[in-house]
Amino acid sequence: MFLAERKRGFSPLKMTDLTSWAIIPLLLGSVGVYSLYRLLQRLRSSAYVQGAVVVITGATSGLGKECAKVFYSAGSQLVLCGRNEERLDDLVRELGRMRKGSIQTHKPHKVIFDLSDVEAVDSASHEILNNVGKVDILINNAGISYRGNILKTKVSVDRMIMDINYFGPVALTKALLPSMIKNGRGHIVVISSVQGKISIPFRSAYAASKHATQAFFDCLRAEMAATEIEVTVVNPGYIKTNLSMNAVTDDGSIYGVMDQNTAEGRSAEDVAQIVLRAVGERKKEVLVAGLVPTLAVYLRTISPKLFFAIMAARAKKERKLKNA
Ligand SMILES: NC(=O)C1=CN([C@@H]2O[C@H](COP(=O)(O)OP(=O)(O)OC[C@H]3O[C@@H](n4cnc5c(N)ncnc54)[C@H](OP(=O)(O)O)[C@@H]3O)[C@@H](O)[C@H]2O)C=CC1
Ligand SMILES: CCCCCCCCCCCCCCCC(=O)OCC(=O)COP(=O)(O)O
């Protein structure tokens, strides 16, 4: 039968050949369509941030500083927020010295305030709107971490962390949101953490503040769905910054140690690029973490019992190490 088909010029072999040949233009076509789609997506993303007024809190160091650099290079009009004017001036000078590409850059504005002071946040929002007229993108980045034992931690410390990490971003968002709605455009970004999804021992105040942040901005996203307002929650794992150095302990004193996990974390430049992309693509949420923390996030939902047992073992091990 095979020979008969070959004689007629219709062998199974040739049919396979034909199929293979047909797949090539199909594959090339798909790659072409995908590349075109990615190109259009990139163009749309860069148009979204170019010329946009972007407010960044905690711009004096770490992730906030790197976000300032990537959004500045992308052509955004920056409003840099921080507590330390000198450090903001240094950053403005550093941005001015950056190599200029083909995209037009804009001289940043600075606004100095402490996020834990709700009245200062309110007047800062007026200053921002008076200076630049509108806000297109607000990046709630500033934050502080904590290391401590719940039994020893003063409630004033829990409150301080909540004031900076939760009430600060909430107050600033509420102050700027009405003007965004009026303008018919606005994007609220919040830098939460993997610890906004899972709680690990000796981080109670920090994890609680990040869980509250996640919850608030998830509610906001839903409530804003009928408007032009976008909400992006970014949940990074460890980033190589001064977060652990600046963390507070049970009695409110500064921890002042560069933890190994932090030192071995992802670079702040990388994470800032991910934030820029997530904003450009109007992502609702991004988890920027390695395999183990990512699995831990899923494990917390799929098998809480196992997750709690792992956390209890972790607490026991850490306590042993501290007492050793
Ligand atoms: N590094 C990490 O491993 C991770 C960090 N994150 C989050 O990223 C964000 C940025 O932290 P990161 O860059 O790592 O840490 P840094 O300590 O380097 O930066 C924190 C920033 O927050 C500002 N800040 C702190 N307290 C206040 C306040 N009361 N009012 C105004 N600004 C304040 C600091 O300003 P000042 O210079 O005045 O102190 C600084 O600019 C935080 O929200 C953090 O929780 C999330 C996951 C992992
Ligand atoms: C099926 C296998 C699942 C394996 C799961 C094992 C669980 C292991 C625990 C992993 C814990 C990851 C914690 C990550 C914490 C993190 O990335 O936090 C980011 C921060 O915000 C850092 O702040 P910090 O002040 O704590 O340095």
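Predicted model: local features only at pLDDT ≥ 70, side-chain atom pairs only at ≥ 80, totals over all residues.

Me: How do the axes of H5 and H6 cross, and within what distance do they come?

Reply: Helix H5 spans residues 118–132 and helix H6 residues 155–183; their axes come within 9 Å and cross at roughly 35 degrees. The crossing of H5 past H6 is right-handed.

Me: Which residues of H5 meet H6?

Reply: An α-helix has 3.6 residues a turn, so residues three or four places apart point the same way. In this case, H5 contributes Val-118, Val-121, Asp-122, Ser-125 and Leu-129. From H6, the partners are Phe-167, Gly-168, Ala-171, Leu-172, Ala-175, Leu-176 and Ser-179. By class, this contact comprises eight nonpolar, three polar and one charged residues.

Me: Is H3 mostly covered or mostly uncovered?

Reply: Burial is judged by counting neighbours: a residue is buried if 20 or more other C-beta atoms lie within 10 Å of its own. H3 is mostly covered, with ten of its twelve residues buried. Among them are Lys-65, Glu-66 and Lys-69, along with Leu-63, Phe-71 and Tyr-72.

Me: What span does H3 reach, and what follows the helix?

Reply: H3, residues 62–73, reaches 17 Å from its first C-alpha to its last, close to the expected 16 Å. Just after H3, Gly-75 takes a positive phi of about 90 degrees.

Me: Which residues does the "transmembrane region" annotation cover?

Reply: The unreviewed UniProt entry places it at residues 20–40. In the model, that stretch is 100% helix and 0% strand, with its end C-alpha atoms 30 Å apart.

Terms used:
Residues numbered from 1 in each chain as written. Chains lettered and ligands numbered in written order. Axes fitted to C-alpha atoms, helices over the stretch in contact; angles between N-to-C directions. Helix = DSSP H or I, 4+ residues; strand = E, 2+ residues; numbered from the N terminus. Left-handed = near helix turned anticlockwise from the far one by under 90°. Contact = placed C-beta atoms within 7 Å. Nonpolar A, V, L, I, M, F, W, Y, C, P; charged D, E, K, R; others polar. Expected span 1.5 Å × (residues − 1). UniProt positions renumbered as here; feature names shortened; annotations may be inferred.
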